[in-house]
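Hi everyone, thanks for coming. Let me put the structure up on the screen, and then I'll walk you through a few of its details.

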Amino acid sequence: MFSSKRERRLWIALGIVLVAIYATLGQAPAIVAALGADILANAGTNLVFAIIALLVVIPVFFIDKRLARVEIAVGAGILTVYLLAWLRLGSWEERTHLFEYALVAALIHEALLERRDNGRRVPAPALLALVASILLGFIDEAVQYFLPNRVFELVDVAFNCIAATMIIGARWLLTRTRAWARDRRSRE
């Protein structure tokens, strides 16, 4: 079923993330209330949450990979864009969409790439990951339609789509940068 242990771990990680997202749908307002609106509005708190989110995501994708300086620079630029987007979004709920569905899309994309790299047929892994992520984000919002304290919002579907598109675009940029750095090293 899986092409490698790593692919299996990635799909399991995706399952855990989705269970966490869907399991907390009805509890999100209570969680925000428990944390306190003042704390969540504080820029320092948001910076801490953003750094924690990055510390979760970075090891998943860059462990066992030797990075060139240009890759680190491009990665730092991408992280800066994400951090600025995180801080500029108006509400905590919007910020969670940015993190949640970027992580979902990245895990799907990485699992599909691992599968392809191990000889399995995976047509257009980036596009497939994007479509799957958007579908999962839509399901997230559809479930909220049936919850008493939540509502279905197309704006949230759009945030999910934007988050998935941003991470897959960033991953594409990093892949191109990695190929460029590798080609440059081989010519030297």
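First, some ground rules. This is a predicted model, where local features need pLDDT of at least 70 and side-chain atom pairs count only at pLDDT 80 or more, while totals for chains, interfaces and linings use all residues. Residues are numbered from 1 along each chain as its sequence is written, and side-chain values use heavy atoms, with hydrogens and water left out.

Let's start with helix α1, residues 5-23. Helices here are DSSP runs of H or I with at least four residues, numbered from the N terminus. Ser-4 caps the N-terminal end of α1, with a side-chain oxygen 3.4 Å from the backbone nitrogen of Arg-6; a polar contact of this kind is a pair of N or O atoms within 3.5 Å, one able to donate a hydrogen and the other to accept it.

Which residues of α1 are buried? They are Glu-7, Leu-10, Leu-14, Val-17, Leu-18 and Ile-21, where buried means under 20% relative accessible area, exposed over 50%, and partly exposed in between, using a 1.4 Å probe and protein chains only.

Now, salt bridges: a side-chain nitrogen of Lys or Arg within 4 Å of a carboxyl oxygen of Asp or Glu. The count comes to five. In one of them, Arg-115 meets Glu-7 at 2.8 Å, N to O. Arg-115 is in helix α6 and Glu-7 in α1, so this pair ties together parts 108 residues apart in sequence. Both partners are buried.

Glu-110 and Arg-171 form another, with their closest N and O atoms 2.3 Å apart. Here helix α6 is linked to helix α8, across 61 residues. Those two also belong to a network of salt bridges with Arg-6 and Glu-114.

Finally, the aromatics. Rings of Phe, Tyr and Trp (its six-membered ring) pair if their centres lie within 6.5 Å; planes under 30 degrees apart are stacked, over 60 edge-to-face, and the rest tilted. How many such pairs turn up in the whole structure? Two. Phe-138 and Phe-152 have centres 5.7 Å apart and planes at 75°, so they are edge-to-face. Tyr-145 and Phe-146 are edge-to-face too, at 5.2 Å and 90°, and both are exposed.

Note on methods
Helices (H or I, at least four residues) and strands (E, at least two) are DSSP runs, numbered from the N terminus. The expected span of a helix is 1.5 Å times one less than its number of residues.
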